Amino acid sequence: MILVDDVGGIFPSINHSPWNGVTLADFVMPFFLFIVGVALAFAYKNLSCRYSATRKAVLRSLKLFLLGLFLQGGFIHGLNNLTYGVDVGQIRFMGILQRIAIAYLVSALCEIWLKGENNVNSELAVTRKYRFHWVVAFVISTVYLFLLYGQHVPDWEYRVSSEDSASFLVKCGVRGDTGPACNAVGMIDRTLMGIRHLYRKPIYSRTKNCSINSPNYGPLPPDAPSWCQAPFDPEGLLSSFMAIVTCLVGLHYGHIIVHFKDHKKRLNQWVILSSCLLMLGLALDLLGMHLNKPLYSFSYTCVTAGASGFLFSLIYLMVDVYGYRRLTLVLEWMGMHALSIYVLVACNVLFLFVHGFYWKTPRNNLLRIIGIGK
């Protein structure tokens, strides 16, 4: 995440894809959600009281959601702006930490309340013990697909800013469109949260239709469509449905660790499931259900979950089976302090703190000297 934020504009291959397709950056969020699911299998392995565990899970999710609201809701104005504060009438409701909080809460509740009592002595018994987890994943996926492809999207309009009197009309009147302008994901967010509470620097403004510097941000082309500057949240409500599924897939990988002690059995199950997910996702992409992170499409869910499983299996093989742990000590430290690192570095809190100390004028600061600030 830090690499993408700081270097993505220089190397497009590690920046987010403007719409359809995936780059290295588009695997970061699913990888994180996947490992959250894996960790949940250990956190709730032995429950003394379901009600107490539920209360802790709800409180933890609420704290994470509120932290995300503070960091990505618009309160902090940017690396080169020493002002702060946000109009609550335009605060961004959703974000990265908010999505993780939602996926964590639903997965935790599944693990606490929907776990079978039967003993596990085979691969099939694992599926039987956690069958209601898969039911939840199936229902969520079905609702998502039904809304994405079945919900009618009417024409809509927006203003670039609250001070701007001119409005732009976006012509839709369609169902099942997965383009930037007329998809159900954006329509549901605009309806339920309000367009003023969405992300105002949409990823699709880097497409060829909307930027002469595509795949980077840039000036609008002369024939740019009306929707290019419209707010769109890449961590919206409907797209977060499939983020929950990613977390539930990771939870299943954690169950395999909990119930099987043999390395070979663990790796076999992980590799088979990862292969199936990856092939299914790629097949769906070829059939027209494109890999798309802003929509968190079903094919994107399958491909990134499969890739997460393969990477997880590779690290497990290297560290737990062959014992090459020294190579991963730095990564282990980062994993244990992931939230702190994300808040301080990826959200620029550390840089903003350093930026606040300057000599006579704000331009004379340490960050500007080393080339980070402006």
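What is the handedness of the link of Cys-172 and Cys-182? The link is left-handed, with -85 degrees about the S-S bond. The structure is a predicted model, in which local features need pLDDT of at least 70, side-chain atom pairs count only at pLDDT 80 or more, and totals for chains, interfaces and linings use all residues. Residues are numbered from 1 along each chain as its sequence is written, and side-chain values use heavy atoms, with hydrogens and water left out.

A search of the whole structure gives 2 disulfides. A disulfide is here a pair of cysteine sulfur atoms within 2.5 Å. Cys-172 and Cys-182 form one of them, with an S to S distance of 2.1 Å. This pair links distant parts of the chain, 10 residues apart. Cys-172 sits in the loop between strand S3 (168–170) and strand S4 (174–175). Cys-182 sits in the loop between S4 and helix H7 (184–192). Helices (H or I, at least four residues) and strands (E, at least two) are DSSP runs, numbered from the N terminus. Both Cys-172 and Cys-182 are buried. Buried means under 20% relative accessible area, exposed means over 50%, and partly exposed lies in between (1.4 Å probe, protein chains only).

A disulfide also joins Cys-210 to Cys-228, at 1.9 Å from S to S. Its two cysteines lie in the loop between H7 and helix H8 (239–259), so the bond ties together parts that are 18 residues apart in sequence. The torsion about the S-S bond of Cys-210 and Cys-228 is about -80 degrees, so this disulfide is left-handed. Cys-210 is buried, with a relative accessible area of 1%. Cys-228 also counts as buried, at 2% relative accessibility. With the bonded cysteines of the chain numbered in sequence order, the pairing is 1-2, 3-4. The loop between H7 and H8 also holds Pro-215. The peptide bond from Ser-214 to Pro-215 is cis, with omega near 15 degrees.

Other cysteines lie too far from a partner. The closest cysteine sulfur to that of Cys-247 is in Cys-110, at 9.5 Å, which is too far for a bond. Cys-247 is buried, with a relative accessible area of 0%. For Cys-276, the closest cysteine sulfur is 11 Å away, in Cys-302, again too far for a bond. Cys-276 counts as partly exposed, at 43% relative accessibility.

Helix packing was examined next. Helix H2 (residues 28–43) packs against helix H10 (residues 298–321) at an angle of about 65 degrees. Their axes are 9 Å apart. Axes are lines fitted to C-alpha atoms, for helices over the stretch in contact, and angles run from 0 to 180 degrees between N-to-C directions. H2 passes H10 in a right-handed crossing. A crossing is right-handed if the near helix is turned clockwise from the far one by less than a right angle, and left-handed if anticlockwise. On the H2 side, the contact is made by Pro-30, Phe-31, Phe-34, Ile-35 and Val-38. H10 contributes residues including Tyr-300, Thr-304, Leu-311 and Phe-312. Contact means heavy atoms within 4.5 Å. By class, the contact of H2 with H10 has 10 nonpolar, 3 polar and no charged residues. Ala, Val, Leu, Ile, Met, Phe, Trp, Tyr, Cys and Pro count as nonpolar, Asp, Glu, Lys and Arg as charged, and the others, Gly among them, as polar.

Thr-246 lies in helix H8. Its relative accessible area is 0%, so Thr-246 is buried. Beyond residues up to four places away in sequence, Thr-246 touches Pro-30, Leu-33, Phe-34, Tyr-296 and Thr-301. The C-alpha atoms of Thr-246 and Gly-306 are separated by 9.7 Å, although these residues are 60 apart along the chain. Tyr-296 lies in the loop between H9 and H10. Tyr-296 has a positive phi of about 50 degrees although it is not a glycine. At 0% relative accessibility, Tyr-296 counts as buried.

Helix H9 (residues 263–286) has 24 residues. H9 reaches 34 Å from its first C-alpha to its last, close to the 34 Å expected at 1.5 Å a residue. The expected span is 1.5 Å times one less than the number of residues. The buried residues of H9 include Arg-266, Trp-270, Leu-277 and Leu-284. Helix H5 (123–129), H8 and H10 are among the elements that cover the buried residues of H9.
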